[in-house]
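Here is a guided walk through one protein model. Keep the sequence and the 3D view open, and look for each part as it comes up.

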Amino acid sequence: MSMYKLIKENANGWLDNIAICNEGKYISYKELLELIELVSMNFLTCYEGNSDDVVGVKCENTIESLILIISLNKIGITYIPLDTEVPKKREEYIIKSLNLKLIIDDIKLKKLFQNKNDFCRLLKKEYIDHQPIERIIYYMFTSGTTGKPKGIPIKEKSVINLSNVMNKEIFEKHNKKLTVGLMAPIHFDASVQFIFSTLMYGHTLHVIPKSEKLDPNKLCTYLSLYNIEVIDCSPRHIQLLNESYLDINKINVSHFVIGGEQLYTKYLKKYIERIDKSRTIIFSNVYGPTECCVDSTIFHIDSNQIRLFEEEVIPIGKAIDNVNVFLINEKGMVDQKEGEICISGINLTSGYLDKSLNKNKFITNHKINSEVYYKTGDFGKYTKERYIIFIERKDAQVNIYGNRIELDEIKSVFDKIKGVIDSYITTIKSDSSEFIILYYSSNEVLNEKNITKFLKDFLPEYMIPNFFINIESFPLKSNGKIDTSKLPLPFKPKKSILSSKKTLFNEIIEIFNKYLPVPINVNKDSVFKEMGGDSLIATRVVSEIKKQVDIEISTVDLLTSKSLFKTIQNEITKFEKKRDYNLDKIVNNIVDNSIVSNSILKQNIQKNKATEIKMGLSNSRIAKSSIKYGLNNIINFEYIFESSSDINLLINTMINEQEIFRYIPRYSEYNYYFSNYDSNVDIKNIDFIIDVSPFSLLKKQKIIDNVKKNLNFYVKERQYLNNLMYLFSVLKLDSSTYVFIMSINHQIFDVKSNDIIKRYLDGSSPKKIESYANYNSILVSNNKIKYRIFSDSIFSKEFELACKKINDKLIRYNKNKKIERSNPITILVSVNENQYNNIFNLLLEIVYEILSEEFKIYKVPIRIQYNDRSFDKYDFSYTIGNFSDGIPCVLTKNNCLKNYRNTKKFINMQEIRFRELNESFDTIDYYYNLSPFSLNFIGEVNYNVFEENFEILGNRPYSIKCFINSGYLNIIFENGLKNINDNILKNIMQQYNIFSFGKIEH
């Protein structure tokens, strides 16, 4: 049975599960099978080759390229994966070796996914149903000693066996469906171990983008973001993650499958030092050459065992199922201690494409093994537990970062360069990095850039030497061999090559020189790789630059940079230009955290039972407007407080005691409701608090200001229905000081509610809290009766008569038209706490005298905004909500406060609220708009609340806004004044013993 058929048959048990995903793009197993069918049909329709042809796949790792591979398997076509950056000469050699007639690149691949109505020809269908298990599924080409890469055919039965092994050794250890990260590119044989096994056993294969793999900080973020649980990687990736400046605890990977090169215990010990001890992570060290279908042995060790593990290297383990691994000594006999690692079994290839290379590698010796076995060239030894440990190689093949490289192939290509007399190639290790060094003598000067350009036509990037060293002649030993001990090293003693001046540029250069084997030469454009830089050094440099100077440089940029100086200068320029941008980034992270934590809060609230509270007329109108136009009435609240208490507990208490924090608006059967959820909410474990204590005072204030703006924006812009009506953040300013920032819908919150929140945050929650639902009952009950009572009252008749006079005087037909007198004017009155009891009386007298003088009227009809919380049956003094309403009142000389109090007393006795009067918008709007004048006094605040909450009074024809701040009563005439009689103001002030006042024209 073919690999495709195994995937298809098994998929019937999980058709709706996600099969493959990549950067937010997902396809289910059902969609996978449909796309395989489409691609295979389109391929057969377009391709006129034979069934035994080989097709090249020269694509990036994508969902589409994986579907192509499986589609080719379905129709019995062998594929050869090619690097998208394969050297030109290398590609020509592969094409010739396999007689390739077709190479599918990413452009051609797109066409295969276009819908067509053509069907497979009958001949091809028959072939699909009769695929031989012995057939070759793919070819791989690896580095070769002859100067040309070696072609290796891999049989389908080998891949099936490998997939079964992956299931047994990896997936079954977790007893659940997993998200498996694919790191290896498809042109690298390590990719095979997860591509087919993951899909064969119903897990999710997550294709990790190339852009995220080279930078450990990006990789760390990506693994965390997409919740990847199992991943294939090399020891180099573990080293890179160890150097990341991010918190690797956020990575959810619970199983690393590691292979490609020697795995040192210290790498794993360093990794687990950074993770929570309560977590258990499994590391599986796999070993196997390409000739043996990726993996031949496996060894498991978990994080708890690593802490006690004392060996320097991690064993490569024991043979996997249906594979035989043994050691042969120098005498050609099986050895129970150490020797060359030899492999036989179902995973072994039948031999190289070039048969002449098989003689000394594929051995038939029935005294040793009944099957053909492969001599790997790797030497190992047994532990007491009969696990194999890799020791070394005894030929010119090296393994650098998971890539097996025949140094002789590099030398063979290099020797073709005109002018080369002799060459010698070797590797050298330096602080966890390994470099390829090529020494040569020549009869003419060779340009290093031209050498590299020539080699890149034949060799992949990872085989290009790091250093080229020209010498006059090679030092020789007495036996005529090169004396390697006398060859010059590329690393020179590091000297300070910078001025002593402390600049950001110099600091960064010093960090580079701390890690690079070759110091940066300031007199020329240095290339990172030419200075001995590799991915690990790049990561260390990037991490230290981030730590020391808070500049983020991408490791990818370093590895691909043509000029280090330009790269560094560009990053410094960006850093200096984007200080505010970095601040925005911090703020965005804070706001994102708030959105997430508030979303979790909402989920916790909605776990409880809800009571539906029908909205009245005004609230329904607000709901409709909010849905259609977005919210336009938001109150911003900010409070800095000191606390040694559990902040989450304080907030938890407030949310459970105050209903409005559990209100969620919804719409059902043509009516709007508040869903009022019960108070059994537990949010103590939600992470609300963001620590900003490391920042300067100036930066903290900027963060606070920007968080307020951003929260305001999100509350305004997000969907009104089925959401909480607020967002909040808690920032930790220092060890005991916090700031609570909230943006909340004015529909359920008035400015007076600020003081109640402060009580909670100060740790003194109110003792008696009346249900806000009772206020809603007052709002919507008996409004027709209340209307008749008020409209028949003397208060209504006097108000209507006074309004008629001013409206006739102003020829006011359009009740919404603004009455503009001049630019806004603020009257500032110096007051002290002893005068606070008379402040409202003073305010009414000032407003009356100014309006009376300005508009030449004796009686001033005005709508006074108030937030009275006291009713005959209920006291809402400690209830958070929106209790604001407007009292239609008539002010007369020397009786302003008396008139206001009489009107308010009558209204409260009847529980009248003008927001819902008569259950008619006409009536509500009539009293709301009848007078052009409105007054809103919100008491004492620590900032100009109207600047941040400009809309909370609405758009009135002539509005007056008032508050006390820093010892001054601010009276803002928003529409200006033409006539201000200072003598009248002086007389009023003298009555209240006030001698300091003034006015500001805006």
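## A serine tucked away

Ser934 counts as buried, because its relative accessibility is 2%. Buried here means under 20% relative accessible area, while exposed means over 50% and partly exposed lies in between (1.4 Å probe, protein chains only). Ser934 belongs to strand β35, residues 933-940. Now try finding Arg863: it sits 71 residues from Ser934 in sequence, yet the two are 4.6 Å apart in space, C-alpha to C-alpha.

A few ground rules: this is a predicted model, where local features need pLDDT of at least 70, side-chain atom pairs count only at pLDDT 80 or more, and totals for chains, interfaces and linings use all residues. Residues are numbered from 1 along each chain as its sequence is written, and side-chain values use heavy atoms, leaving out hydrogens and water. As for the labels, helices (H or I, at least four residues) and strands (E, at least two) are DSSP runs, numbered from the N terminus.

## A sheet of nine strands

In what order do the nine strands of the open sheet come? The order is β2-β1-β9-β8-β10-β11-β12-β13-β14, and the pairing is mixed. The edges are β2 (25-28) and β14 (318-319), each pairing on one side only. Two strands pair if DSSP finds at least two bridges between them. In general, strands of a sheet pair through backbone hydrogen bonds, either parallel or antiparallel.

Zoom in on β12 (residues 282-287) and β13 (residues 297-302): they run antiparallel and are joined by six bridges. Across that pair, Phe283 stands opposite Ile301 in β13. Helix α2 (residues 29-46) packs on the sheet, where it touches β1 (18-22) and β2, and its direction makes about 85° with that of β2. Axes are lines fitted to C-alpha atoms, for helices over the stretch in contact, and angles run from 0 to 180 degrees between N-to-C directions.

## Two helices meet

Helix α2 has another partner: α1 (residues 3-11) packs with α2 at an angle of about 145°, their axes 10 Å apart. On the α1 side, Tyr4, Lys8 and Ala11 make the contact, and on the α2 side Tyr29, Leu33, Ile36 and Glu37 do. Contact means heavy atoms within 4.5 Å.

What kinds of residue make up the contact of α1 with α2? They divide into five nonpolar, no polar and two charged. For that count, Ala, Val, Leu, Ile, Met, Phe, Trp, Tyr, Cys and Pro are nonpolar, Asp, Glu, Lys and Arg are charged, and the others, Gly among them, are polar.

## Helices under cover

Helix α8 (residues 192-200) is largely enclosed by the rest of the structure, because nine of its nine residues are buried. Among them are Phe194, Phe196 and Met200. Just after α8, Gly202 takes a positive phi of about 80°.

Over in helix α11 (residues 235-243) you'll find Asn242. With 7% relative accessibility, Asn242 counts as buried. Which residues does Asn242 contact, leaving aside neighbours within four places in sequence? They are Tyr267, Lys270, Tyr271 and Arg274.

## Covered strands

Strand β7 (residues 150-155) is mostly covered, with six of its six residues buried. Lys150, Ile152 and Ile154 point one way from β7, while Gly151, Pro153 and Lys155 point the other way. Strand β7 pairs with β6 (residues 136-142) in the antiparallel sense over six bridges, and Tyr138 has Ile154 of β7 as its bridge partner.

Strand β37 (residues 968-973) is mostly covered too: five of its six residues are buried. It pairs with β32 (residues 825-830) in the antiparallel sense over six bridges, where Val829 has Leu969 as its partner. It also pairs with β36 (residues 958-965), antiparallel and over six bridges, and there Phe963 partners Asn970. The hairpin of β36 and β37 has two residues between the strands, and in it Ser966 takes a positive phi near 55°.

## Cysteines without bonds

How many disulfides does the structure hold? It holds zero, a disulfide being a pair of cysteine sulfur atoms within 2.5 Å. For Cys220, the nearest cysteine sulfur is that of Cys233, 13 Å away. Cys220 is buried at 2% relative accessibility, and Cys896 is buried with a relative accessible area of 0%.
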